[in-house]
Amino acid sequence: MVTDRYYFRRHPLWWVLAVFALGLCFLLPYLERTHSPLYMQAGQRVELIGMVQESSCGDGYLWLRTEPVQQGVKGQMVYVQLPRLIGEDGELTETIWYPAGSRLRVQGVLEVPLGRRNPGGFDEAHWLRGKGTDVKCVADEITCLTPPKGIHYLSWQARHVLYDKAHNYLREEERGLALALLLGDKGQLEQNFYRLTQRMGIAHIFAVSGLHVGFVSVLLLGLFRLSGCQQSWFSFLCLSVGLSFYCIVTGGAPSAWRATLMVLLGTLALRLRRAPAPLDFLALAAIVLLLRNPFLIYTAGFQLSFGVTLSLLLFVQPLRKKLHWIYYPRLRDSLAVVIAAYLGSVPLSAWHFYTLSLWAPIYNFLLVPLVAVTVPVLLLAVLLTVTLPAGGLFFLPTAWLLRLLRCSVLWLGNLSDGGQWNIGQPSNLATICYGISLLCFWCWLQGQIPFWTAMTETVQKMRLKQIGLLAMSLFLLTVFFCIPKPPEENQLLFLDTGQGSCALLRTKAGEVVIFDAGASARELNSCLAWYGINKVQAVILSHGDNDHICGLEQTLESVYIENLCAETGQLGRQDLCRLAEAAQNKGTMVRAITSSARLQLRDGTINLYVYDDGTEINNGRELTALLQLKKAAVAFPGDLALQGVQQFVEKQVSITLWVVPHHGSRFSANKELYQQLQKKGVRLAIISAGKNNRYGHPHQEVVYILQKVGIPYKRTDLQGAIQISLGK
C-alpha cells in the first residue's frame, strides 16, 4: 500500500483559508484598537438615522446600519438597545418591534460596551465585535420613518404569515417550539425547556442550518423537476434566490449562510459536470463570510457551525467503515453522524461555555431523527396552509410531532438533569492535546498516514497502531488537564449580578458556599461553569427578594446543592417557597433558621443569625452570616436596616471584611456604626450594587462616611467582580 502524499494538495482552498485565518489572527487585534468615529462620542446624546439590519420580536434590541450622512460615518453598524414601555402599574412592559428593513430615527446616548464583568460571564464588547461594531446606543426615543420595502418587506410578511399560522393552529407550548425549529426564534420558547436542551447538548436543533436549507433545496429542486427545467440556469437562479430569501427570513445566521453557500456550490458543480468537493465548498463559504465580517471568526456560532460540519465531512465516512459490524445501515449511519458531530463540538463547547454534556451523543441519536422529520412536516404544513383552503388540517400531524418531541426531550432530560458537567476553562495545553489526538484518530480511521511519503504496507500498519495508542494517550491527558482543581488559598468572589447581591466562597479544601444568589442567573451559573464547580456545600439566602434569589433556579438545574439555608418566615414567601420545593426535589436539605445555626467547614465555620430590624416589610427579618476563617472574619448583614445592623455588629468580636448592607442604602448605616466597625477591625468594605441602578445605590452619604472613617471600599458597579484572598 502506498500513501497518497498529495492528499491535502487536492484541496487548495484549505491552504487559502489557513493563510487567511492566520492573517486575521495578526490583523484583528490591530483592528480592535482602531475605533469608529461613533466610539469617540461615547457618553454623548446623538440622533442616528439608518436601516434595521437584524431584529427579533421580544429581544429588546436591534442592529441599525446608519446612513452615510450621520456623524461622518459611512454605513456604521450600531447596536441599539430599545426603550422599555412603562405600564399603568409602573412595571416594565414589552418593547415595540421594528422589523428588518425599517428606516428609523433613533435618539439616545452612546455607550462603550462593557467587557467581561465576572469570571466566565458575558463579554458584551466581544459579542458586539463579532457583529462588526464597537458601540451601542441606549435609545429613549425611536421614530419609524418608513416601513420595510422590497426583499425586507417580503421577508417581514413571510415571518408574519409563519407567526400567524403558528398562533392559529398550535397550542402555546407547541407554538414556541415550532417557531424555534423553523426560524431559530427562541423568544417564545419556554425558557426552562430551552435551558434543558442546552444542558442536554441538543440546543443546536434550534439553529437554522443544513437540515432546514437542505429540505428547502429538495423542495425547490423537486418543483423544478416537475416542471422539466431542473438542468437549466434559470432553476439555479431560482434556487439561489429562494435559499437566500429563506436565510433573510430566518435572520441570516452564519450557519444558514454556510449551508446555503455549500448547497449552491454543489449544485453549480453538478451543473458544470464537476465532481462535488464538500471540503472546498466549506472552505470557500468560510472565506466569503469572513471577508464580509472578519470578526465572525471570534463568535461561537461561526466556530460551531464550521467546526461541526468539518468534523462530519472528515469522520462520518471512515466511521461508517469501522462500524461495518452493525447489520442495519441506517443505524450505522446515524451512529457515525452522532459520533462525528460530538467529536467536533466538544472542544468548542468546552472553550466557549466551559461545560460538556456527557450524554449528548445518546440524546442526539434518539432525538435528531425526530427533529429531521418534524421540520420538513412543519414547513409543508405552513406551505399547504397558505396555498389550500383546508390546509389547516395539515397542522394536525405537525402538532402531534411537536408534542412528541417536547415530551421526549422532557422525559430524557429529567432522567439525568441533562447530563451537563462543568469542566472549567480548558487550558491551551488541553486544547492542543485534544486537537492532536483528534488528528491521530482520523489517521487511524483512514487506515493511512497522508503526511508521510510512500512506505510499505507492513510499516504503515505498525505506524497506525502507534498512532492509535498515541491518540488514546493524548485523549486521557486531555481529560487529566480538564479536571478542575481547588484554589491554593481560600477565595471570596463578589459577583457583579446587576442590582443584587451574590458572593462565592471557594476554599482550598474544595468546598463551595454561595451567599445570596444575585439578580442574574446567567452570571452566577457562568461563574460556576468557569471554575468547574458541580457541587455546592451550602447556599445561604438572607431573604426572599428577587435581587437575592434570582440565580438560584438555574443553579439548582446545573449543580448539586447540599444545603439551602433561609429564615423560617422568608421560606413562606411565594418565590422562595417555590425554589425551596424545587431544591427538595433535587435532594437538597432545606434548613429553616429560626434564631441561629452553624455550618462547619474544614478550615472554619459559618455562623448564622436571624435579626429583626423592626420594620413590617417582607425583608424585615434577615438571615445574617459571619464567615470565620483562620485569618479573616467576613460579615454578611444582607438588607438589614440600621437597627438590625447595629445589633448584629455589637454581637461580633472581630470583623475584617464588611459587606455593606442593602447595597449601600442610606437607611442602613450612619457614622457611629462605621466607627464601631473600625474598632472591630474592618479592613475593607464591599458594596454590591448594579451599574446605573434606578435606586441610586450606593448612596453618596454612605460613601462619604466610609471615606471619612477611613475604611477602604470596593464597588461592583464600578469594578465588576471583586475577588478577595482570605489566606491559607
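This is a predicted model: local features need pLDDT of at least 70, side-chain atom pairs count only at pLDDT 80 or more; totals for chains, interfaces and linings use all residues.

Colleague: What is a salt bridge, and how many salt bridges does the structure hold?

Modeller: Side chains of opposite charge can pair when their charged atoms come close. The term is used here for a side-chain nitrogen of Lys or Arg within 4 Å of a carboxyl oxygen of Asp or Glu, and the structure holds 21 of them. One of these joins Lys136 to Glu111, with N to O at 3.5 Å. Because Lys136 belongs to strand S5 (residues 136-146) and Glu111 to strand S4 (residues 103-111), this pair ties together parts that are 25 residues apart in sequence. Helices (H or I, at least four residues) and strands (E, at least two) are DSSP runs, numbered from the N terminus.

Colleague: Is Lys136 buried or exposed?

Modeller: Buried means under 20% relative accessible area, exposed over 50%, and partly exposed in between, using a 1.4 Å probe and protein chains only. Lys136, at 7% relative accessibility, therefore counts as buried, whereas Glu111, at 29%, counts as partly exposed. Lys136 also meets Glu124 in a salt bridge of 3.1 Å, N to O. Glu124 lies in helix H2 (residues 124-130) and Lys136 in strand S5, so this pair ties together parts that are twelve residues apart in sequence.

Colleague: Which residue forms a salt bridge with Glu557?

Modeller: The partner of Glu557 is Arg199, with the closest N and O atoms 3.0 Å apart. Since Glu557 sits in helix H18 (residues 552-558) and Arg199 in helix H5 (residues 191-200), the pair ties together parts that are 358 residues apart in sequence. Both Glu557 and Arg199 are buried, and salt bridges that share partners join Arg195, Arg199, Glu553, Glu557 and Arg578 into one network.

Colleague: Where is Asn422 found, and what does the side chain of Asn422 reach?

Modeller: Asn422 is found in strand S7 (residues 420-422) and is buried, with a relative accessible area of 3%. Its side chain reaches the backbone oxygen of Ile533 at 2.8 Å. Counting contact as heavy atoms within 4.5 Å, and leaving aside neighbours within four places in sequence, Asn422 touches residues including Tyr354, Pro484, Leu528 and Val559.

Definitions and conventions. Residues are numbered from 1 along each chain as its sequence is written. Side-chain values use heavy atoms; hydrogens and water are left out. A polar contact is a pair of N or O atoms within 3.5 Å; within protein, one must be able to donate a hydrogen and the other to accept it, and residues adjacent in sequence count only if both atoms are side-chain atoms.
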